[in-house]
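This short report is meant for a reader meeting this structure for the first time. Please look over the sequence and the model below before reading on.

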Amino acid sequence: MKLEERPPAPSAEPPAETVASRASWTDRLAQLGLQLLAPVISLLISAVVGALVILIVQRNIGDLADVASTMWSYGLANRSSFAFIFGRATPFIFAGIAVAIAFKAGLFNIGVEGQYAIGMLTAAVVGSQFSAPTFIHLPLTVLAGMAGGLLWALVPALLRVYRGAHEVISTIMMNYVANGVLLYLLAGPLKDLNQAGDVAQLRTEPIRESAQVGRMAGFFDALGFNFRPSVPLTWFLVVALAAAVVYSLTIRRTRFGYELRVLGTNPRAAEPSGIRTNAMFMKAMLLSGAVAGLVGLQEVLALEGVMKVDYVRGFGFAGIAIALLGRNSGLGIVAAALLFAFLDRSATGIELRTDVPSEVIIILQGVLILSIVVAFELVSRLAARRRLQETHERA
């Protein structure tokens, strides 16, 4: 008599695939928690150091309360402050992306300062000297700014690829050359000779209306979010956020981004893997320069309407700190740019409303950068030790 085969009794334990999936999600959440822990620790450390500096300088605990109150009321308490922060963050985002592109390839582009200055000049020339409909003139002017930044990054790129010159030295030197070129051109061939008044500024002719970018105050007014029209919030913010998204997708989802990351992580393994290192160095440096050309366009095409010799400086060097603070990621760069814009806004309020010197904010920025670099290094080592321990346990 043949016995009937009974189906196996259901196991009380979940399948191995489910356990592995849960473990992977647990690992991801743990890694995310460690990554979020680093900036939180850094902010706390910088806040404590900033408070100690204020107490040492002023020797009055009441000034500490005044600074905290001012940073809140002047920086975050109203819509105009929020709009100012987003407007101020726009060039910071472009600068951070420009530096991060070079970082990803293992390059250190300190020349963003000179590259965006030349980009402002080339955009001002095209915007003031040519005439065309807006849909042609405006994109052409923006492309001219990017071309100026790319052109100024070409020399360090060629020196690195064909002569082995370190890009740190060459880009720093190009910053000084850019300042000299601007001073000569704005005082001579490109100077606006039709200025009203007794004292003529060193500046180009005004940008034509067809090449100007409008502010966003009218758009937000239509939505009911009213703020002062003088706030420097322009449509370049949309371009900056789009650039951050494109940067993230390019780095993570394209072959070019993969080769860029391999080159920056392990240059010795790049060549045997089929990556042409010199070509990638050239592409990364030129792309970094092209994005750097966008940094100062908001000032020329939307806020001032001219390129002046006393243009806003410092965005390029701030971009280095923002890229480091944002860990070279698109979202991180945007967050770091907003933080730096908030600190700039707070510095103005501290200078106007308290007796504390605004240089305290500069100290705070420096401490923030140092602390976040140290915190991320500690978190990276902790994560590596944790992975090594898990590997031993599995073995």
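Helix α1 (residues 16-58) supplies five residues, the largest share, of a nonpolar patch, where helices are DSSP runs of H or I of at least four residues, numbered from the N terminus. The patch lies on the surface and consists of Val48, Leu52, Leu55, Ile56, Val57 and Ile61, with about 580 Å² of accessible area together; Leu52 is found in helix α1. Such patches are made of residues with over 30% relative accessible area and no salt bridge, nonpolar side chains (Val, Leu, Ile, Met, Phe, Trp, Tyr) being joined within 5 Å and like charges within 9 Å, and the areas come from the Shrake-Rupley method with a 1.4 Å probe, only the protein chains shown counting as cover for residues.

The model is predicted, so local features need pLDDT of at least 70 and side-chain atom pairs count only at pLDDT 80 or more, whereas totals for chains, interfaces and linings use all residues. Residues are numbered from 1 along each chain as its sequence is written, and side-chain values use heavy atoms, with hydrogens and water left out.

| Helix pair | Angle | Axes |
|---|---|---|
| α8 (residues 236-253) and α9 (residues 255-265) | roughly 75° | within 5 Å |
| α3 (residues 79-104) and α11 (residues 277-292) | about 175° | 8 Å apart |
| α9 and α11 | about 105° | 11 Å apart |

Helices α3 and α11 are therefore roughly antiparallel to each other, a term for angles over 145 degrees. In this pair Phe94, Ile97, Ala98, Val99, Ile101 and Ala102 of α3 meet Ala284, Leu287, Ser288, Val291 and Ala292 of α11, contact meaning heavy atoms within 4.5 Å. The residues of this contact divide into 10 nonpolar, one polar and no charged, with Ala, Val, Leu, Ile, Met, Phe, Trp, Tyr, Cys and Pro counted as nonpolar, Asp, Glu, Lys and Arg as charged, and the others, Gly among them, as polar.

Helices α9 and α11, by their angle, are therefore roughly perpendicular to each other, which covers 65 to 115 degrees. Phe256, Glu259, Leu260 and Leu263 in α9 meet residues of α11 including Met280, Phe281 and Leu287, and by class this contact has seven nonpolar, one polar and two charged residues.

The whole structure holds five salt bridges, each a side-chain nitrogen of Lys or Arg within 4 Å of a carboxyl oxygen of Asp or Glu. In one of them, the side chains of Arg88 and Asp344 meet at 3.3 Å, N to O. This pair links distant parts of the chain, as Arg88 is in helix α3 and Asp344 in helix α14 (residues 330-353), 256 residues apart.

Methods:
Axes fitted to C-alpha atoms, helices over the stretch in contact; angles between N-to-C directions. Parallel < 35°, antiparallel > 145°, perpendicular 65-115°, else oblique.
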